[in-house]
Amino acid sequence: MALYICKRLALAVITIFLIITITFFTMHSIPGGPFLSEKSPSAAVTAALEAKYGLDKPVSEQYTTYLKGVVKFDFGPSLKQRGRDVTTVILNGFKVSAKLGGTAAASAIVLGLVFGSIAAVFHNKLLDRVIMFISTAMVAMPSFIIATLLLLIFCVNLKIFPANGNEPGGLVLPIIALSLYPMSYIIRLTRSSMLDVLGQDYIRTARAKGVKPVKVLFKHALRNAVTPVITYAGPMIAYIVTGSLVVEKILAVPGLGKEFVSSIINRDYTMIMGTTIFLATLVIVMMLITDILYKVFDPRIDLS
């Protein structure tokens with residue numbers, strides 16, 4: 001296990017390095033510049049701004065400087081938010097996104113496993129069909145559509161929840177909007193895997209011995225059926241915790257997703273690069289944790 005973790009960590013470092021390199025040179029190859037807009041400053045002012053942020057130096061020198069900063073978790077200053085550095089903005093936004101995404105991810109996993117297991121137990125019965133119909137509809141519906149519908153119904157028409165994520169109760173709708181799609185996907189994964197496990201000999205043996213159905217389902221069957229869910233849960237948690245880009249914008253949540261969308265609109269290159277690298281690193285870390293959890297839940301897996 002230790003050797004496997006060391007190998008995966010080395011691979012993760014190489015992957016992150018490649019992501020940093022690709023992101024940096026991609027941003028520098030885009031036509032235009034961060035200071036170009038409808039009310040662009042004069043050539044002299046633009047030159048002064050580029051000199052201030054080191055954008056007038058050769059790209060290779062900028063890359064070396066940026067790489068040194070990233071190693072120290074320093075993504076440089078924001079080109080649009082005066083007096084703020086990218087690292088501070090990311091950390092402040094991530095605090096909100098982590099609270100929002102963590103709750104949404106936990107809700108999606110727990111409810112997905114429960115309803116998926118119930119659907120498998122009542123296979124081809126009314127309850128199974130109802131659960132599968134709703135989950136299919138939620139999987140087919142993008143999160144920004146769900147967020148918009150929730151905003152119209154519960155904020156505009158019923159006025160039950162505020163439309164601002166900063167207000168009390170303002171995170172309820174974003175949590176629902178972020179959790180519905182992954183919950184529905186986990187329901188389908190759990191149902192499919194659980195149906196396969198429930199047909200195994202050891203499950204029939206447990207039932208023949210008189211083990212309670214609830215214990216058979218959640219202790220014996222679910223442990224072996226949860227592996228596909230773990231595969232999906234790792235990247236899913238990373239994406240949700242970092243924040244859904246559009247959902248946070250629609251429901252006015254001051255998280256990392258909202259900052260990322262604003263940075264794209266404002267052509268804030270350092271913010272775009274910093275957020276992209278942060279997200280990619282989080283995804284890679286979650287995938288590493290997922291691979292380790294494989295062994296925990298299923299000792300039969302050979303890590304070699």
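Start at helix 12, which spans residues 256–265. Its buried residues are L256, G257, F260, V261, S262 and S263. Keep in mind that this is a predicted model. Just after helix 12 comes R267, with a positive phi of about 55 degrees.

A252 is not a glycine, yet its phi is positive, at about 55 degrees. Is A252 buried or partly exposed? Its relative accessible area is 21%. Buried means under 20%, so A252 counts as partly exposed.

Where does F73 sit? Its place is in the loop between helix 3 (59–71) and helix 4 (86–121). With a relative accessible area of 33%, F73 is partly exposed.

Turn next to the surface. A nonpolar patch there covers about 750 Å². F144, I145, L149, L152, I153, V156, L158, I160 and V246 make up this patch. Which helix gives the largest share of the patch? That is helix 6, residues 143–157, which supplies 6 residues.

Take L149 as one example from the patch. L149 is found in helix 6. Its relative accessibility is 40%, so L149 counts as partly exposed. A patch residue needs over 30% relative accessible area, and L149 has 40%.

Conventions. Residues numbered from 1 in each chain as written. Predicted model: local features only at pLDDT ≥ 70, side-chain atom pairs only at ≥ 80, totals over all residues. Heavy atoms only, no water. Buried < 20%, exposed > 50% of the residue type's maximum accessible area, 1.4 Å probe, protein only. Helix = DSSP H or I, 4+ residues; strand = E, 2+ residues; numbered from the N terminus. Patch = residues over 30% accessible without salt bridge, like charges linked within 9 Å, V, L, I, M, F, W, Y side chains within 5 Å. Areas by Shrake-Rupley, 256 points an atom, 1.4 Å probe, with all protein chains shown as cover. Salt bridge = Lys/Arg side-chain N within 4 Å of Asp/Glu carboxyl O.
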